[in-house]
Amino acid sequence: MKVFCGRANPTTGSVEWLEEDEHYDYHQEIARSSYADMLHDKDRNVKYYEGIRAAVSRVKDRGQKALVLDIGTGTGLLSMMAVTAGADFCYAIEVFKPMADAAVKIVEKNGFSDKIKVINKHSTEVTVGPDGDMPCRANILVTELFDTELIGEGALPSYEHAHRHLVQENCEAVPHKATVYAQLVESRRMWSWNKLFPVRVQTSLGERVITPPSELERCPGAPSVYDVQLNQVSSADFTVLSDVLPMFSVDFSKQVSSSAAYHSRQFEPLASGQAQVVLSWWDIEMDPEGKIKCTMAPFWAHPDPQGLQWRDHWMQCVYFLPQEKPVVQGTPCCLVAHHDDYCVWYSLQGPSPDENERVHQMRPVCDCQAHLLWNRPRFGEINDQDRTDQYAQALRTVLTADSVCLCVSDGSLLSMLAHHFGAEQVLGTCLSLSSMRIFKANHLEDKISIIEKRPESLTSADLEGKKVSLLLGEPFFTTSLLPWHNLYFWYVRTAVDQHLAPGAIVMPQSASLHAVIVEFKDLWRIRSPCGDCEGFDVHIMDDMIKRALDFRESKEAEPHPLWEYPCRSLSEPQRILTFDFQQPVPQQPIRAAGSMELRRPGKTHGAVLWMEYHLTPDSTVSTGLLEPAADKGDCCWNPHCKQAVYFLNTTLDHSMPQDGPQAVSYTVEFQPHTGDVTMEFRPVDTLN
């Protein structure tokens, strides 16, 4: 059966109704999940297996049957480990029906159907009793309910319910305990992801400074954690202000509470500085003795940096303090970790006060709207002074004293730059309170005309009867996920064509789509079949993911911030398509086909695509590669943007020298009516 799904097209700006398969949603869930990444996590798998063996042995040594409750079983892997370790029976809970169905097949394929019962329910709906899902309570609790923040997937409520209703008192638990760690740092780079810095521009009348509004300065920021591959953050990007502090632990073998709580740790700062950011991670101990441990610690805090396990399903956390605070080396402070049933946040206080006097700090909520309009990379982008200087220099070359400027990007400062450079009139489309506050804080609300409309809806009256001589965009739009979604600027330019003066300048003048073939150091794992996992056949899961990836949207490239995911370029970067913003969007598709020669040895994991915006003939802003690849192909990516990754279905192991050069062929097409970019990249043996 087919169903109609509404979708806001980020490129064209229109709402579309598309006919999809009735299973469309769950195919997307599977295609974009981290199942493959988890199965490839050797460290996780081995530690769980060791912990399960030890737990089953402890129960057997007491002369009891080993009855296992596995919450969030996924593929059934942990249940199969338990049976192999000697468990008498396992109840495997999985709420996601497609996954539960797959678990049933995997369990059967591996010959464990008589010892494992897959229950397709949320664990809080599972019943115990003669007519229930489980005849009696389990005495071993096995779970993998964790996310990067540890508790963000509802681990605490699930454990709380399980102990009350599903497992015996003082049961064995794998993992046995989790501990959350934190480290206080000062980091201008990371702080730039959370606060707006003063933006400086040089004009003919001297330096002008765009200052952030007080509402943004006081705002505690967005409540959500920022999950980051901290191993890719240079140690030069932050100053350590504290030791690694164990903030709180959860013993999963006992009754767990999901109630809000806080945990304070007094410490003496290692250096004086501005306390801004808390870096956090956790480890899990699989046994009561703490001998089997799996840690998410970054390289500088890891017990075995050389044996660091790459994983993407669990990373590290960056939390921002509500306000930066000065700390003095050797003067005691208190770092406080607060949490409710799903979220963690931090505050910094003076030396530990009396517990009875402590005021519980509420979860931070953005009240300036900027943190809701801009994501964290966007904050970093706006705070990038070099980027601002590049736009400023381009503006100087196209702007004149009689320019009538219209800026159509979301939350952009370009209209303020145009005013400071002396444009006769500046107009901007603006629908956000945060942007209005920035104009007001800089006393520009009477000098820049704000039109509270979508740009496609502008009328001559909105423009006061004037024609636009300079149309500006970064382009940046909050709805964009993939690089070409910002081609929405082209559709806006087309919609306002009637309002443009003869010879009007559009900046950027054009854009181009570029691609390069790469070998990933680790990111390939999220799309690589597992086949066999710790001796268990999980081909059924591989096939399930492959079928999900065959759906329309799943065939598209995926957005990834590649500064976090190292890769090597195997080909030279190549311009694929060009989009001329001086002209309206064409009626016919723009298509390109060709091949990219592989010049370095390696494995062709995929193609990376990005946009470059040509502000003027002499100025280009890249959302992808910032400089030519090094001799070995190491890439330097724009840290403020997500690049598009197209994973190849076939990985070509390209070794040199060979009889003939190898290549990757491509066909890429931009569909003007839908705004979609369709593509296919395919390894070929030789260039003809």
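Student: Is Asp41 buried or exposed?

Tutor: Buried means under 20% relative accessible area, exposed over 50%, and partly exposed in between (1.4 Å probe, protein chains only). Asp41 has 0% relative accessibility, so Asp41 counts as buried. Keep in mind that this is a predicted model: local features need pLDDT of at least 70, side-chain atom pairs count only at pLDDT 80 or more, and totals for chains, interfaces and linings use all residues. Residues are numbered from 1 along each chain as its sequence is written, and side-chain values use heavy atoms, with hydrogens and water left out.

Student: Where is Asp41 found?

Tutor: Helices are DSSP runs (H or I, at least four residues), as are strands (E, at least two), numbered from the N terminus. Asp41 sits in the loop between α2 (35-39) and α3 (42-61).

Student: Which side chain makes a polar contact with the side chain of Asp41?

Tutor: A polar contact is a pair of N or O atoms within 3.5 Å; within protein, one must be able to donate a hydrogen and the other to accept it, and residues adjacent in sequence count only if both atoms are side-chain atoms. For Asp41, the partner is the side chain of His313, at 2.8 Å. Contact means heavy atoms within 4.5 Å. Leaving aside neighbours within four places in sequence, Asp41 is in contact with Gln309, Arg311, His313 and Trp314.

Student: Trp314 has a ring. Which rings are linked with Trp314 into a cluster?

Tutor: Rings of Phe, Tyr and Trp (its six-membered ring) pair if their centres lie within 6.5 Å; planes under 30 degrees apart count as stacked, over 60 as edge-to-face and the rest as tilted. Ring pairs join Trp314 with Phe146, Tyr159, Phe252 and Trp282.

Student: What lies over the face of Phe476?

Tutor: A charge sits over a ring if NZ of Lys or CZ of Arg is within 6 Å of the ring centre and within 35 degrees of the ring normal. Over Phe476 lies Arg378, at 3.9 Å from the ring centre. Arg189 lies over the face of Trp563, at 4.5 Å from the ring centre.

Student: Which residues of α11 are buried?

Tutor: Arg387, Thr388, Tyr391, Ala392, Ala394, Leu395 and Val398.

Student: Which residue caps the N-terminal end of α11?

Tutor: Asp384. A side-chain oxygen of Asp384 lies 3.1 Å from the backbone nitrogen of Asp386.
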